[in-house]
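Here are my notes on the model you sent over. Have it open while you read.

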Amino acid sequence: MRYLPLTNEDREDMRRVIGLENVNQLFSNVPNSVSLDPTFNLPNHKTEMEVGRILSGIANKNMNSNQVPFFLGAGAYKHHIPATVDHIIQRSEFLTSYTPYQPEISQGTLQYLFEFQTQVSLMTGMDVSNASMYDGSTSSAEAVSMAKRITKRNKVVISPTLHPQYAEVIKTLISADEDSIDYKFSENLDFSSLISKIDEDVSCVVVQNPDFFGSCHSLEELADHIHSKGALLIVVVNEVISLGMMKSPGDMGADIVACEGQSLGNPLNFGGPYIGLMSTKDKYVRQLPGRIVGETNDMSGEKGFVLTLATREQHIRREKATSNICTNSGLCSLAFTIHLSLLGERGFKKLSKLNHEAAIKFYDKLKNLEGFKVRNKSFFNEFTLELPISAAIFVEKMAGKGVLAGVPVSRLANQDDSFSNLLLVASSEINSDSDREDFIKLAKEVCYE
Amino acid sequence: MNSNRGLDHDEKLLFEVGDVNRTGVDLSEPENLSQMLGDSFSDSEIGLAGLSEPETVRHYVRLSRKNYSIDAGLYPLGSCTMKHNPRLNEKMARLEGFSEIHPLQPISTCQGALELIDLISSWLKELTGMAAVTMTPKAGAQGELCGMMAIKQALLNKNESHRKIVLVPDSAHGTNPATAAFLGFEVKTIKSNREGLIDFDDFKKNIDKNFAGVMITNPNTCGLFETDIVKISELTHKSGGYLYCDGANFNAVVGKLKPGDLGIDAMHINLHKTFSTPHGGGGPGSGPVVFSERLEKFCPTPLVENDKGEYDLIESLDGKGLSNSFGRLNVFHGQMGMFVRAMSYMLSHGADGLRQVSEDAVLNANYLRASLNDRLTPAFEGYCMHEILFSDDFLKDTGVETLDFAKAMIDEGYHPMTIYFPLVIHGALLVEPTETESKQSLDHFISTLRDLVDRLKEDSDSFKAAPVFTPIRRLDETQAARKPILRWKEEPLIAV
């Protein structure tokens, strides 16, 4: 077996040193009622070549986004990732190291995480960030949990245009009782109705921006109302590339920001692994969950980095910890930070603009297409298209013609019929004019022929 | 001033080497179309530093050289399972048919992805002998949460929500009590006995009408198999509770026995431990959970279903088989990239190889134990499983503490073992060699530790000063926590 270095002679020598006749003596604490070495209905070991064939065979059954014009978003976005990113994250020292518990031999990880925290703070317009969470949805749930700790209030108001699966995650992870969470999925985000729901038991209001349907919002006034009632504003960002052209959540008055950071450095991966970002104001830092890296000095006065504020965490506080999170998304945060370092301010803003313009070009083509209607007044790189037929049927037919056309809203809305003709379509720098032309041409065929 | 030392380059922060005008990507020029963002548009400066491509490569390569890694040497962190990460697994995860597919593309276009999830699910069920599995948890801690939520839901379903007490041994990972408390359970600690195992009498004594269940790590964090586990599961079930097993140490028994035979109700499996997906400096992990029949129907959404060779994904909470589900743990369907790596590992080993994995892991640990027990002090009598726990008795009267000993190992070229955990042993040192170390590698490690112990009496100062051969010396963690500096900031200009 190629991954096991011990030879049979080694094993025999080692058994002799230990004083064993057979290896099963080491398992003597296993109760007699439990059978050792049971039969498994599984094949035996395979060569590298055989494994490669099996897995490639399975992979080839999927239609991948590099093969066809591609317009899916809804919380996971396809962008070009520079080759440098994947090269660096595969370096042994990053790929095969553990959480940086021994700072003297982990400065590589600790320094990039410190840089990552700086980048996340800057792009979200907040004071501090942690070293990442699992993904945007768990970040959002942790943000709600944090707001409840800070305000010592129980209720949560969620904007109707939050990603429905994010709302499900918040409900699952946070709610002790269903009534404490106010969420009804809908296309209409009406600030005055949100404001009317805030009473003295409400800990926070959760707003996604750009929202699930792609619309963009200015949140300053909403934030003022929320703050005047002693609650916190949590802003959720699904597409971080939008932060290159939009006012930052911090500038708009957010108290906690939760993002999905996959768009930078991380491929689609059928939904994971991704990377949750989480940032907040200085005054709330001791309520922030997850790993945090801080700067300090060594015994000879040199600057260095360590994991810090560990008194919030499970391995110290046990049942009194701010969260049970242990592992984060280390390598995904490395991919994120390398991609963003390559872009820099200029590249990031340009990329943001290219994404927005790709969507505008698509919008311009679609708005004159008979029977189709774009529902948005504003958007960044994704909008909601009303189709003349069911969106679920539309995407299957388009896929049959070689276009991955978008995400039917009904798929995420528990098949609610009122959304059946709505399709979310995302654009990015990967989309060419010919992709858009293919979409238009085939969409007409699919709907009218 | 040049502060480089040989191969170790002083590398300044990204924000000190880069600036807002530099970039390492070539993008086409925008056409300056009029924006559609409404009043949320902004073009103010963010402050993101950029680097050209060569500068980027150099920055991160220099940083990487300040890290220890399993590829470079033995990494004996107990309870963390730092084993070799086969590169085939990386290659497989990067097949475009896996990495370049969207979680919400039409079901007919991702049959291979669902087949892969179904395949790894069936392997995990067979290896554990359990009835069901959910693949969505994103790490071990989220797996724990998942298992305990299923238990909470099962109690609710039986109208037994008054059962609030979860028993957790004092040797447990911190995530166990944190998870139970997060869900509103009341955590009660049960004692370990002198053999490092759960004190069955103390366990029994703590069961009352409010008993919800018990969380047990097996093999436990002392590196020992909980020999009373079947008795515990029987009493747990008789008392109306559930047995959660923390599967962090599944690598010690994989292919050797089926945890289902122990009577457990839920167990998470860290794919990044047992099935060697890379730790990546702290994630991403993956923590699927296997369930007994008693908990199966409470598992979270989504589910993969196979109907006559056609795969389907049941996502909505009112979908088939999900009417009793406790809900959704995260967006989409779990850590696909990790599933592919773990599947590649499992196929490579097969049933025979996996059994050899646990046997060699346990053999290696016991070889270390037998070769070190006259220098270090094993915390417990008898054989250990895949890891060996030492107390700090051997440091008595030397003035050297566990932390100093660990730091001295760094100067000898080793990553230290896990220290000060589990909490039940004073100055604990927990060593897990894993099965991917050769005898030669273990012998070198053994002689290094023996030499260090022999040096304790005559040269305790060098332990206190260690490490010295590292890019940086011991860091002041108190200062970091008292005056937190958690990001780079431009130095304010001081008016002269």
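The points below go from ground rules to chains, contacts and strands.

1. Ground rules. This is a predicted model, where local features need pLDDT of at least 70 and side-chain atom pairs count only at pLDDT 80 or more, while totals for chains, interfaces and linings use all residues. Residues are numbered from 1 along each chain as its sequence is written, and chains are lettered from A and ligands numbered from 1 in the order in which they are written.

2. Chain B overall. It has 14 helices and 13 strands; helices (H or I, at least four residues) and strands (E, at least two) are DSSP runs, numbered from the N terminus. The C-alpha trace of chain B spans about 75 × 75 × 50 Å along its principal axes.

3. Burial and contacts in chain B. Of the 496 residues in chain B, 59% are buried. Here buried means 20 or more other C-beta atoms within 10 Å of the residue's own, exposed means 12 or fewer, and partly exposed is in between, with C-beta atoms placed from the backbone. Take the contacts in chain B between residues at least 6 apart in sequence: 72% of them join residues at least 24 apart. A contact is a pair of residues whose C-beta atoms, placed from the backbone, lie within 7 Å.

4. Where the chains meet. On the chain B side 174 residues are in contact with 166 residues of chain A. Helix α10 (residues 336–372) of chain B gives the largest share of the chain B side, 23 residues. That side has 84 nonpolar, 58 polar and 32 charged residues (nonpolar: Ala, Val, Leu, Ile, Met, Phe, Trp, Tyr, Cys and Pro; charged: Asp, Glu, Lys and Arg; polar: the others, Gly among them).

5. A:Thr172 lies in helix α7 (residues 164–174) of chain A. Why does A:Thr172 count as buried? Because 22 other C-beta atoms are within 10 Å. Leaving out residues up to four places away in sequence, A:Thr172 touches B:Phe326, B:Gly327, B:Arg328 and B:Leu329.

6. The core. The largest nonpolar core has 290 residues, and A:Ile234 and B:Ala150 have the most contacts inside it. Such a core is a set of buried Ala, Val, Leu, Ile, Met, Phe, Trp, Tyr and Cys residues joined through C-beta atoms within 7 Å. Helix α10(B) turns up again, with the largest share of this core, 20 residues.

7. Strands in chain A. Strand β11 (residues 382–386) of chain A has four of its five residues buried. Strand β10 (residues 373–374) of chain A runs antiparallel to β11(A), joined by two bridges; strands pair if DSSP finds at least two bridges between them. Five bridges link β11(A) with strand β13 (residues 422–426) of chain A, also in the antiparallel sense. A:Glu386 stands opposite A:Leu422 in β13(A), and A:Lys373 stands opposite A:Glu386.

8. A sheet in chain B. Four strands form an open sheet with antiparallel pairing, in the order β10-β11-β13-β12. The edges are β10 (377–378) and β12 (418–419) of chain B, each with a single partner strand, so one side of each lacks a neighbour in the sheet. B:Ile419 stands opposite B:Leu429 in β13(B).

Definitions and conventions
Two residues are in contact if their C-beta atoms, placed from the backbone, lie within 7 Å.
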